[in-house]
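Work through the exercises below with the sequence and the structure at hand, and try each task before you read its solution.

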Amino acid sequence: MFGLIRGWQRRHWRERSKAERVELQTLATWYVTTWVFALSWLALPLVGGLERRPAPTAVAGLLLLVSALQCVEANRLTRPVLDHYLGRAELPARALRPAAVLLSLALALTLALAALGGADAVTIRLVIGAALMPFGLLYGLVVSMRVFLRRSAVLAVVLMAAFAWAYPDPAGIVTIGVLTGFGVAVSLLASRCGAWTLSVLWEAERAREVEARLAVAEERLRFGRDLHDVMGRNLAVIALKSELAVQLARRGRAEAVEQMIEVQRIAQESQREVRDVVRGYRGADLGVELAGAQGVLTAAGIRCEVSGEAGGLKAGVQSVLGWVVREATTNVLRHGDAARCDIALKADEGCVVLTVENDGASEPAGGGGSGLAGLRERLSAVGGTLQAGLVGADVFRVTAEVPLSVEGVVA
């Protein structure tokens with residue numbers, strides 16, 4: 001049983017984003033709310049306060065059946081109604097008609113039960129509130145708040161007038177109106193406020209995605225400008241000197257060789273400069289990466305502790321270990337549901353060992369993706385090693401070892 005629960009959690013919970021988790025939790029709350037009100041406000045009071053006569057018993061049985069159908073219909077429409085509110089999909093014009101018919105039938109059966117004297121006044125009022133809840137949770141997301149409140153007020157007046165015939169007591173009539181207003185308010189708060197919170201959360205999620213895409217685009221523009229600055233002038237000089245060498249060669253002059261030698265020198269220099277630009281673009285400063293990883297994980301609500309200093313390490317060592325920190329941090333954020341992440345850096349017998357360990361892991365041991373495979377290739381190119389896998393029930397550890405003798409920037 002626990003294995004099934006853990007498997008469901010891995011497939012349907014840990015793989016979801018935080019916004020998706022909040023939405024799933026909200027939907028589950030709405031699903032349960034309709035049944036809770038039907039049970040506590042309708043089923044239990046009706047069973048306890050029902051007159052044991054054939055006619056009231058038959059009406060009560062039908063009322064219980066209609067209430068169950070109301071809950072089923074409300075659960076069926078909750079997702080489409082939420083998608084309509086969030087602007088994801090259009091809701092058909094007559095989608096709420098079955099729910100409205102069930103609401104009318106439930107109120108009619110309640111009125112019949114009151115006319116037959118089959119239940120006390122308190123039970124009848126609770127049943128009215130229970131009948132309104134499933135439809136109110138849906139209707140509050142379909143129309144504007146002003147329309148919802150106006151039509152709810154009209155419904156309250158109609159109910160007060162209808163049940164005044166069965167219970168002419170003025171206090172009871174007012175109580176029905178108050179209870180109707182309470183049901184409307186609960187429906188509005190439960191559905192509208194929750195859906196509005198979800199809309200704000202998804203808007204923030206989309207803003208973060210846009211910000212990330214803009215950051216990537218800005219970095220590409222910067223890289224393009226750097227390449228243009230490096231290559232633009234040199235290519236222009238190469239073109240001019242090549243044209244000059246052609247003209248000199250046609251005239252049979254020896255200076256053409258000198259011009260081509262100069263072209264060769266400029267081309268080699270350009271190649272070196274482009275390599276430097278690319279290395280600077282792809283290189284990673286370990287100290288910056290460690291500070292950035294700690295900041296990002298902390299902002300995501302993950303407690304992160306970093307031990308060890310990157311100062312004094314060669315540029316090549318810092319570059320390759322910086323890539324390990326980047327990939328490990330990305331995996332912690334994207335996979336699993338970590339509450340803590342510990343990053344340790346230490347020098348040991350001619351090599352540097354970097355360890356990144358987090359809890360809440362959902363990856364099976366040895367199941368590294370393309371990112372870890374790329375890191376293994378990068379480390380093996382400089383004589384390093386990478387180990388990644390589960391070391392406990394839900395603890396994932398990445399261990400990278402790099403020789404201290406690595407020179408240059410590893411791109």
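The model is predicted, so local features need pLDDT of at least 70 and side-chain atom pairs count only at pLDDT 80 or more, while totals for chains, interfaces and linings use all residues. Residues are numbered from 1 along each chain as its sequence is written, and side-chain values use heavy atoms, with hydrogens and water left out.

**Exercise 1. The whole chain**

Task: State how many helices and strands the protein chain has, and what share of its residues count as buried.

Solution: Begin with the secondary structure, which comes to 11 helices and 5 strands; helices (H or I, at least four residues) and strands (E, at least two) are DSSP runs, numbered from the N terminus. Next, take the 411 residues of the protein chain, of which 40% count as buried; buried means under 20% relative accessible area, exposed means over 50%, and partly exposed lies in between, with a 1.4 Å probe and protein chains only. Finally, look at contacts (heavy atoms within 4.5 Å): among those in the protein chain with a separation of 6 or more, 74% are between residues 24 or more positions apart.

**Exercise 2. Helix H3 and helix H4**

Task: Describe how the axes of H3 and H4 are arranged, and which residues make the contact.

Solution: Two packed helices are described by the angle between their axes and the distance between the axes. Here the axes of H3 (residues 54–85) and H4 (residues 97–115) come within 9 Å and cross at roughly 160 degrees, where axes are lines fitted to C-alpha atoms, for helices over the stretch in contact, and angles run from 0 to 180 degrees between N-to-C directions. H3 and H4 are therefore roughly antiparallel to each other, since angles under 35 degrees count as roughly parallel, over 145 as roughly antiparallel, 65 to 115 as roughly perpendicular and the rest as oblique.

**Exercise 3. Helix H3 and helix H5**

Task: Decide whether H3 and H5 are roughly parallel or roughly antiparallel to each other.

Solution: Start from the geometry, in which H3 and H5 (residues 121–142) pack at an angle of about 15 degrees with their axes 8 Å apart. H3 and H5 are therefore roughly parallel to each other. In this contact, residues of H3 including Leu63, Gln70, Leu77 and Tyr85 meet residues of H5, among them Val127, Pro134 and Val142. The residues of this contact divide into 12 nonpolar, 3 polar and no charged.

**Exercise 4. Salt bridges**

Solution: A salt bridge is a side-chain nitrogen of Lys or Arg within 4 Å of a carboxyl oxygen of Asp or Glu, and a search of the whole structure finds 14 of them.

- Being 3 residues apart in helix H3, Glu73 and Arg76 are separated by about one helical turn, and Glu73, at 12% relative accessibility, counts as buried.
- Arg253 is partly exposed at 42%, and Glu255 is partly exposed at 32%.
- Glu289 lies in helix H9 (residues 286–299) and Arg326 in helix H10 (residues 315–334), so the pair ties together parts that are 37 residues apart in sequence. Glu289 is buried, with a relative accessible area of 16%, whereas Arg326 is partly exposed at 28%.

**Exercise 5. Two single residues**

Task: Say in which helix Thr180 and Ser270 each lie, and whether each is buried or exposed.

Solution: Thr180 is found in helix H7 (residues 170–250) and is buried, with a relative accessible area of 1%. Leaving aside neighbours within four places in sequence, Thr180 is in contact with Ile128, Leu132, Ala156 and Leu159. The C-alpha atoms of Thr180 and Leu132 are separated by 7.7 Å, although the two residues are 48 residues apart along the chain. Ser270 lies in helix H8 (residues 255–282) and counts as buried at 4% relative accessibility. Not counting residues up to four places away in sequence, Ser270 touches Met231 and Asn234.

Terms used:
Ala, Val, Leu, Ile, Met, Phe, Trp, Tyr, Cys and Pro count as nonpolar, Asp, Glu, Lys and Arg as charged, and the others, Gly among them, as polar.
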